[in-house]
Amino acid sequence: MYQKKKRGAKPWIIMGLVLALLVWLLYALGDILTPFIVAAVLAYILNPLVEKLRHKGVKRGLASMLVMIFSLLVLLALVLIIVPMLINQFNNIVMRLPQMIYFVQNKLLPWLNDIAGEHIKIDTQTMVAWLQAHTGQLNNTFQKLAPTLMRQSGNVVMGVTNLMLLPFLLYYFLLDWQRWSHGIRALMPRRFIDTYMRVSGNMDKVLSEFLRGQLMVMLIMGLIYGIGLMFTGLDSGFAIGMIAGILVFVPYLGAFTGLLLATLAALLQFGSWQGLLMVWAVFGVGQFLESFFITPKIVGDRIGLSPFWVIFSLMAFGQLMGFVGMLVGLPLAAVTLVLLREGADMYFKSRFYKHK
């Protein structure tokens, strides 16, 4: 009896070694693997659509092609909608820059002086003189940065290449997804097959609930923020709202970033407390709905990934593996969560724990 329990620990050792090897490979080949990881994550999310088309009689190759084209068209539509709005907003900021300087010098600074009283005095002329005196230093700094930016052109070329590879990689991931999953299952030793099926099933449940649910939350929150800002009359409000929705996967980052951008745009456009309060109300209502209704209903607390662990995993894997770490941080955190649950369950059932 004891020997069986001891042998049952071997799958966990093997899975731990495989996971450690995968993390090391991600760290060593981070730049090369970026388009492959993006395509793999998208394929995992979109694979159920391919399976539904297959059940309706569509061959897997055609189904993979249709799903790939559909997903890329959706992404392209979002880019074509959001990017022109952001460019328009940037142009508005540039055009209204004199107005903003006038607001700072004649309204904001006097208001701050009135609040500060005699304890703190803000001298506008001193600030302007300081900026003029340091203009030459800023120009020298930008001139020194120019060669560095030129040297980074290789990274730009790599990014464009990765973007061009993404459709092809996504198609082949979707096409071969089922064959690869069956191949991994066939390679697993038969005495470990039950453990493998249980653990992989739990991993798939956690990952699917989180990734697909979070994608739905991002889309819903983007529409809520975007449509709400459009109703306030804010220029490029829909683009700012969609950016806030896309960043929702990092707790509070989406709302904070969107609120910051929308506040700046509202100050430049409305110039009144009424418009600013309407913008703040949109984000207040959106944050309330997301925290108490949308995320708990769609993603739920079943996966057990609290906001603390979401933020920690993104920062930790991002620090270790850069952009690739940001992409795989949450999936790896979810996989680690499943392994910890299985290990804890095995520990509480062991003789070591139960023996008095």
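1. Glu51, Arg54 and Arg60 are joined in a network of salt bridges; the term is used here for a side-chain nitrogen of Lys or Arg within 4 Å of a carboxyl oxygen of Asp or Glu. Between Glu51 and Arg60, the closest N and O atoms are 2.8 Å apart. Both Glu51 and Arg60 are buried, where buried stands for under 20% relative accessible area, exposed for over 50%, and partly exposed for values in between (1.4 Å probe, protein chains only).

2. A word on what you are looking at. This is a predicted model, in which local features need pLDDT of at least 70 and side-chain atom pairs count only at pLDDT 80 or more, while totals for chains, interfaces and linings use all residues. Residues are numbered from 1 along each chain as its sequence is written, and side-chain values use heavy atoms, with hydrogens and water left out.

3. How many salt bridges does a search of the whole structure find? The search finds 4. Side chains of opposite charge can pair when their charged atoms come close.

4. Helix 8 covers residues 153–187, and Arg179 and Asp176 sit 3 residues apart in that helix, so about one helical turn separates them. (Helices here are DSSP runs of H or I with at least four residues, and strands are runs of E with at least two, numbered from the N terminus.) The two residues form a salt bridge, with 3.3 Å between the closest N and O atoms. Arg179 is exposed, at 52% relative accessible area, whereas Asp176 counts as buried at 15%.

5. Asp345 and Lys349 make another salt bridge, again with the closest N and O atoms 3.3 Å apart. Asp345 is partly exposed, with a relative accessible area of 37%, and Lys349 is partly exposed as well, at 48%.

6. Ile14, Val18, Leu21, Leu22, Trp24, Leu25, Leu29, Ile32 and Phe36 make a patch of about 830 Å². Patches take residues with over 30% relative accessible area and no salt bridge, joining like charges within 9 Å and nonpolar side chains (Val, Leu, Ile, Met, Phe, Trp, Tyr) within 5 Å. Helix 2 (10–28) and helix 3 (30–55) each supply at least two of the patch residues, and helix 2 gives the most, with 6. Leu25 lies in helix 2 and is partly exposed, at 31% relative accessible area.

7. Is helix 10 (residues 237–246) mostly covered or mostly open? Helix 10 is mostly covered, with 8 of its 10 residues buried. Among the buried ones are Gly237, Phe238, Ile240 and Met242.

Terms used. Accessible areas come from the Shrake-Rupley method with a 1.4 Å probe; for residues, only the protein chains shown count as cover.
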